[in-house]
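Open the model in your viewer and keep the selection tool at hand. We will go stop by stop.

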Amino acid sequence: MTRKPVVAVLDYGSGNVHSAVKALIEAGADARLTSDRALLLDADGLLVPGVGAYSAVMGALNASRGGEIIDRRLAGGRPVLGICVGMQVMFERGVERGADTPGLGEWPGTVHELEAPVLPHMGWNTVASGDGSRLFQGIEKERFYFVHSYAAQQWSLEVTPPFPEPVLTWCTYGAPFLAAVENGPLSATQFHPEKSGEAGIRLLANWIDGLRTTTV
């Protein structure tokens, strides 16, 4: 019997984590909500959830040394997936309600409020998946569930060979913003796969299949 990839869901005080664990299990992972440092570092994959204000999420990550765990995994090429604010904090900064908060700095750029007449952006929306996307394989035309008022709206990371170009997926609500990024071992989605029905489960399964190739 093939071993299911172990996915550690970072337990640092963020809400809505149990639905993410349930979705990962449905998608084929051995998912475990944990704050155990050894498991977070050694698991086949790490999922970083994020709900609420950027500054609050960063405060909780700093208090739990979550950023250090994420950085160590990425330095070793170990897969990480961020969701919603868990994607936003991968950028250098977040500006929210007048607060300018340093992020994890895995990617350059600043998260700003969306330029839209009505906020938050709440509900289902289509995305334009990037060429060669692994996350969106087979679900390129599907809709996903968003709940947010802030997002990264530009991409400025320059990659030189032999490193592959990141795969960028965009969505439009008022103006274009990044809906997902696939950049080596670090992937992230602004929408909630765990709230996106069958398409969200398929996206998580695509990510988990990538874990299998690194754990054989």
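Contact here means heavy atoms within 4.5 Å. This is a predicted model, in which local features need pLDDT of at least 70, side-chain atom pairs count only at pLDDT 80 or more, and totals for chains, interfaces and linings use all residues. Residues are numbered from 1 along each chain as its sequence is written, and side-chain values use heavy atoms, with hydrogens and water left out.

**Stop 1: E182**

Select E182. Leaving aside neighbours within four places in sequence, E182 is in contact with S133, R134, L135, F136, P166, V167 and S187. E182 sits in strand 12, residues 175–183. Helices (H or I, at least four residues) and strands (E, at least two) are DSSP runs, numbered from the N terminus.

Which side chain of opposite charge is nearest to E182? It is R134, 7.2 Å away. E182 is buried, yet has no salt bridge. Buried means under 20% relative accessible area, exposed over 50%, and partly exposed in between (1.4 Å probe, protein chains only). A salt bridge is a side-chain nitrogen of Lys or Arg within 4 Å of a carboxyl oxygen of Asp or Glu. For charge, Lys and Arg count as positive and Asp and Glu as negative; His and the chain ends are not counted.

Now show S133. Its side chain makes a polar contact with the side chain of E182, at 2.6 Å. A polar contact is a pair of N or O atoms within 3.5 Å; within protein, one must be able to donate a hydrogen and the other to accept it, and residues adjacent in sequence count only if both atoms are side-chain atoms.

**Stop 2: N183**

Stay in strand 12 and select N183. N183 counts as buried because its relative accessibility is 18%. Not counting residues up to four places away in sequence, N183 touches W107, L157 and P166. The side chains of N183 and W107 make a polar contact at 2.8 Å.

**Stop 3: strand 3**

Select strand 3. Both of its faces are covered: G45 and L47 are buried on one side, L46 and V48 on the other. Strand 3 pairs with strand 1 in the parallel sense, over three bridges. Two strands pair if DSSP finds at least two bridges between them. G45 is the bridge partner of V7. Strand 3 and strand 4 also pair in the parallel sense, over three bridges. There, L47 stands opposite L81 in strand 4.

**Stop 4**

Select the buried residues of helix 3: Y54, V57, M58 and L61. They lie on the same side of helix 3, because they cover an arc of only 95° around the axis. The arc is that of the directions from the helix axis to the C-beta atoms. These buried residues pack against several elements, including strand 1 and helix 4.

Move to helix 4 (residues 66–75), where G66, G67, I69, I70, R73 and L74 are buried. Their arc is only 160°, which puts them on the same side of helix 4. Among the elements they pack against are strand 3 and helix 3.

**Stop 5: backbone details**

Most residues other than glycine have a negative phi, and most peptide bonds are trans. Select R65, in the loop between helix 3 and helix 4. Its phi is positive, near 60°. C84, in the loop between strand 4 and helix 5, has a positive phi near 55°.

Finish with two cis peptide bonds. One joins L119 and P120, with omega about 5°. The other joins P161 and P162, with omega about 10°.
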